[in-house]
Amino acid sequence: IKEDFDKYNSHLIQFEFTIEFPGEPSQVEEGALLQSNEKFKLDIGNRQIISDNETVWLYLKEDNEVQINDADFGDDGEYMSPDKIFKLYKSDEFIFAIFQNGYEDGMAVTQIECKPVDPDSEYAKMRLTVQDKNNKVKRFKIFSKDGSRFTMVLKEHKKNVQLDDREFSFNPVDYPGVIVEDLRF
């Protein structure tokens, strides 16, 4: 898996995202992620998050509003970029272990858990489910300490897609009447 993400500079991942909060019905949304090194565009439900690794634009579709922030993806940053998530295995902030081997939909799978070393982390653990036959990521699930769960089921993964840098910036001209809220310092 590691080689799969390290080998290619760009990815297009289409997925289904399930959000679960204790005592509430699950929410399921379809989404897509374009990623090129540290740049990305995440389109999910009513939101679109775009970053060129210097700026983050959060576009709220129903409100036709964009919020602009500095990209703060460092170790102490507020955000975790997809590139950083793909490279968690290089971090000394997590402990990795094979959780379980089994079968899903007639296919052998391995579940790998990663737990944060920091006891104050908001995450209890993360679990990656991989198909044994082809090492394809099937599912990624985050377990938060507050009881919430976030599950991403990968539907399609295209590697080394041709992308234009314009994909990773927000141009208000393309969004007639957009309300721009610049929150950068």
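A residue is called buried when its relative accessible area is under 20%. The legends below apply this cut-off to a predicted model.

**View 1. The whole protein chain and its elements.** The protein chain contains 2 helices and 12 strands. Read from the N terminus, these elements follow the order α-β-β-β-β-β-β-α-β-β-β-β-β-β. Of its 185 residues, 36% count as buried. The accessible surface of the chain amounts to about 11200 Å², and 48% of this area belongs to carbon and sulfur atoms. Among contacts between residues at least 6 apart in sequence, 40% join residues at least 24 apart.

View 2. Strand β8 spans residues 107-116 and includes T110. Because its relative accessible area is 12%, which lies under the 20% limit, T110 is classed as buried. Its side chain forms a polar contact of 2.7 Å with the side chain of D132. A polar contact of 2.9 Å links the side chains of T110 and N101. Leaving aside residues up to four places away in sequence, T110 touches I98, Q100, N101, L128, T129, V130 and D132.

**View 3. The largest nonpolar core.** Nine residues form this core: I13, F15, F17, I19, L33, F40, I44, V137 and L154. Strands β1 (10-20) and β3 (39-44) each supply at least two of the core residues. The largest share, 4 residues, comes from β1. In soluble globular proteins, nonpolar side chains tend to be buried together.

Definitions and conventions:
Residues are numbered from 1 along each chain as its sequence is written. This is a predicted model: local features need pLDDT of at least 70, side-chain atom pairs count only at pLDDT 80 or more; totals for chains, interfaces and linings use all residues. Side-chain values use heavy atoms; hydrogens and water are left out. Buried means under 20% relative accessible area, exposed over 50%, partly exposed in between (1.4 Å probe, protein chains only). A polar contact is a pair of N or O atoms within 3.5 Å; within protein, one must be able to donate a hydrogen and the other to accept it, and residues adjacent in sequence count only if both atoms are side-chain atoms. Contact means heavy atoms within 4.5 Å. A nonpolar core is a set of buried Ala, Val, Leu, Ile, Met, Phe, Trp, Tyr and Cys residues joined through side-chain atoms within 4.5 Å. Accessible areas come from the Shrake-Rupley method with a 1.4 Å probe; for residues, only the protein chains shown count as cover.
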